[in-house]
Amino acid sequence: MEGEKNVKKRLSNIQTENHIESHHDHTKGTKNVDSPTFVARTNPVTGKMDWIVQDENYDYIQEIARSGYGDMLHDKDRNEKYYKAIGQAVKLLKEQNKQVRSLDIGTGTGLLSMMAATMGADVVTACEAFSPMAACAQKVIEVNGFKDKIKLIPKRSTDVTLDDIGERANLLVTELFDTELIGEGAIGSYTDAHARLMEDDCIAVPSSGLMYIQAIQCDFLASCNSLQTVELPNNTAVSMPKSLGTCSGAPLLHDLQVDELCAEIRPLSSPVQVFKFDFGRKNALPKHEQTQHNVTAIEGGRVDAFVMWWDLKMDPLGEIILSCAPCWNRDSSAPIPWRDHWMQAVYYPTLCREIEKGDNFTLYSYHDEYSLWFDTQPTQRILPSCTCGLHVTFSRNRIGQLNEYTRNTLFINLLQKHITKDTVCLVISDGSLLPLMAARLEAKKVFYLDCNHATRKFVKELIRHDNLEDKIVLLDKSAEDILPEDLLNLKIDLVIAEPFLQAALLPWEHLYFWYALHYLKSLLSENVVILPESMTVKAMAVQFRDLHKIRAPVGICEGFDISEFDQLIKISSDSSDDSVEPQPLWEYPSEALSSPTSIAFLDFTKSPENTQQLQYSVDIMHSRDGVLNGLALWAEYKFGQDVLSTGLIYDDQSHVPKWDKFSKQGVILYHNAKAVKKDTKLNMLVTFNPENGDFCFKVE
């Protein structure tokens with residue numbers, strides 16, 4: 001299944017400021033990245049096995065590309081507070097007449113070590129386990145004039161010895177944190193460093209982390225955690241097993257930009273500090289911990305979820321605070337730093353408890369070495385796992401999509417229009433409720449083709465729960481292997497797809513049903529109805545407020561030249577990244593600089609083998625002045641008179657686009673933004689190869 005944005009890494013052996021993990025042995029130097037090889041890949045669009053030419057170290061190169069293409073080094077608030085706290089720590093040690101010996105774990109670009117050296121640390125040692133980043137950091141250190149001041153050790157901190165650093169350090173500078181604070185192995189790294197490499201009375205920057213949770217009600221988040229009953233107009237329903245409503249879905253957190261849900265969230269409790277992580281003392285970080293706090297409801301409602309965030313006390317005096325709190329818990333007069341590397345995390349209770357304003361209830365909090373979980377009732381000290389199957393089968397987005405009222409209404413109306421008691425229906429999708437809807441609406445027979453084993457297994461359980469085994473036939477075969485007897489020698493009158501494929505990443509990749517029909521054409525009735533009947537790919541020029549930062553070069557950061565890092569990232573990205581990447585654009589505010597423009601069209605009533613390679617040259621006209629830093633792309637599927645959009649939702653005429661929350665859109669991010677004027681245009685060349693289902697997008 002497609003995981004959440006910040007799936008648990010659990011790789012404590014790799015420590016880097018820019019959150020890089022690799023599955024190679026990085027102690028042997030950078031591998032040769034020039035040797036191409038043939039790689040077998042299942043094409044999610046066609047369902048066939050493709051052989052593609054790919055560098056043998058593709059994954060390795062991509063890790064480099066993705067390592068710095070986050071916004072961490074663009075986070076000015078973070079950088080300034082680290083710089084100030086390091087300066088204060090050096091000053092405190094100097095006032096004690098101590099030689100300042102700094103150790104930087106997971107140095108990344110070397111930024112924090114250069115800060116320590118600039119602030120007057122006498123000895124600065126940095127370690128970096130990921131060899132390409134270590135080599136890059138060495139260049140950055142030299143370019144900035146610190147070659148003789150900073151010693152770089154190309155090892156993970158747990159492999160560093162006192163012989164490597166000379167003597168124990170008294171200033172520990174680290175940034176080993178993720179959205180969950182401890183998810184990248186911070187507890188183990190700190191514990192090891194204090195035991196072997198640090199003086200007992202050392203100073204750590206940051207000094208401590210404070211973790212908070214808040215109980216909230218939010219219909220959107222609730223819809224992403226459990227499947228709801230689907231009511232049908234003939235007084236029937238697709239019901240769900242009770243087990244789906246008593247599972248928190250752990251261990252996958254739901255990380256997202258919750259600030260963009262501010263208007264939809266009702267806080268039911270005040271923020272509660274549930275854990276404190278002391279980074280400055282030996283043996284101060286337990287691997288297992290639990291707390292419970294009695295709280296009073298500030299509003300009545302349903303406890304759908306908990307929002308978690310953390311603050312860092314950067315300095316030993318606790319004067320410099322770096323906060324990841326959501327917007328409604330911040331001073332409204334202060335600017336809110338934008339971060340995609342440290343977001344708030346959402347966790348779900350086992351049961352959605354109803355409370356009244358003024359009620360007292362208990363929040364139970366737990367963590368192990370890497371994970372967190374929370375509830376309104378006592379639970380086991382071992383990280384809970386999904387007990388219902390839903391959360392290990394589908395992403396949170398897909399669960400929400402299956403619950404989405406407007407989308408379900410569209411499908412129900414279509415099925416009602418085309419189904420009679422004589423209709424033989426074929427549904428082609430992954431993990432779809434459509435076969436159950438069609439059966440409840442009294443189709444003669446429903447055949448369901450789902451080529452994903454996990455989703456097919458889950459839907460099979462739903463069919464059994466709803467007692468529809470006599471109405472729905474699961475086709476446990478690929479389309480090319482289906483025989484007339486598999487369809488009970490019936491001809492298909494209606495083919496419908498959502499469309500949705502578990503393996504698809506971009507909105508126009510949900511096309512397997514179209515290719516499957518090629519193999520099934522002899523099994524279709526003469527007047528078969530095929531839905532959706534077509535797809536249009538659309539694009540819009542946009543000015544992102546923040547999202548472009550994840551691909552923008554750093555250049556100068558707090559006075560230090562990081563351009564060597566930019567060059568490494570660009571070389572790796574050019575050889576490994578596609579021009580279009582999937583992003584949930586509703587989380588990232590933007591302004592439209594053009595109207596939505598159709599850039600490609602596919603007619604599903606024509607088979608792929610009868611479709612020529614398509615090529616479109618399209619001009620996208622800017623409708624207003626602005627700074628162009630991205631292009632948003634999405635697909636719209638036509639179902640008769642209805643259109644299902646995976647992107648823009650047309651509900652107003654403002655320049656602020658509103659996006660479908662349950663789909664990821666495609667985005668082309670500009671490495672260097674450019675000013676554009678109204679009535680100027682950019683040209684886009686789009687090609688589609690029906691043989692393999694690939695779209696290619698090139699912008700002038």
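Ring pairs join Trp508, Phe513, Trp514, Tyr515, Phe604, Phe688, Phe695 and Phe697 into a cluster. Rings of Phe, Tyr and Trp, the last by its six-membered ring, count as a pair if their centres lie within 6.5 Å; planes under 30 degrees apart are stacked, over 60 edge-to-face, and the rest tilted.

The model is predicted, with local features needing pLDDT of at least 70 and side-chain atom pairs counting only at pLDDT 80 or more, while totals for chains, interfaces and linings use all residues. Residues are numbered from 1 along each chain as its sequence is written, and side-chain values use heavy atoms, with hydrogens and water left out.

The structure holds 24 aromatic pairs. One of them is formed by Trp310 and Trp342, edge-to-face, at 5.0 Å centre to centre and 65° between the planes. Trp310 lies in strand 16 (residues 305-313) and Trp342 in the loop between strand 17 (321-323) and strand 18 (344-347), so this pair ties together parts 32 residues apart in sequence. Strands (E, at least two residues) and helices (H or I, at least four) are DSSP runs, numbered from the N terminus. Both Trp310 and Trp342 are buried, that is, under 20% relative accessible area, where over 50% is exposed and the range in between partly exposed (1.4 Å probe, protein chains only).

The rings of Trp634 and Trp659 have centres 5.4 Å apart and planes at 75°, so they too are edge-to-face. Trp634 belongs to strand 34 (residues 626-639), and Trp659 to the loop between strand 35 (642-645) and strand 36 (665-676); the pair links distant parts of the chain, 25 residues apart. Trp634 and Trp659 are both buried.

Charged side chains come next. Arg398 lies over the face of Phe500, 3.7 Å from the ring centre, and Lys661 over that of Phe220, at 5.1 Å. The criterion is NZ of Lys or CZ of Arg within 6 Å of the ring centre and within 35 degrees of the ring normal.

Is Thr611 buried or exposed? Thr611 is buried, with a relative accessible area of 14%. Leaving aside neighbours within four places in sequence, Thr611 is in contact (heavy atoms within 4.5 Å) with Trp514, Lys606 and Pro690. Thr611 and Phe688 are 77 residues apart in sequence, yet 9.9 Å apart in space, C-alpha to C-alpha.
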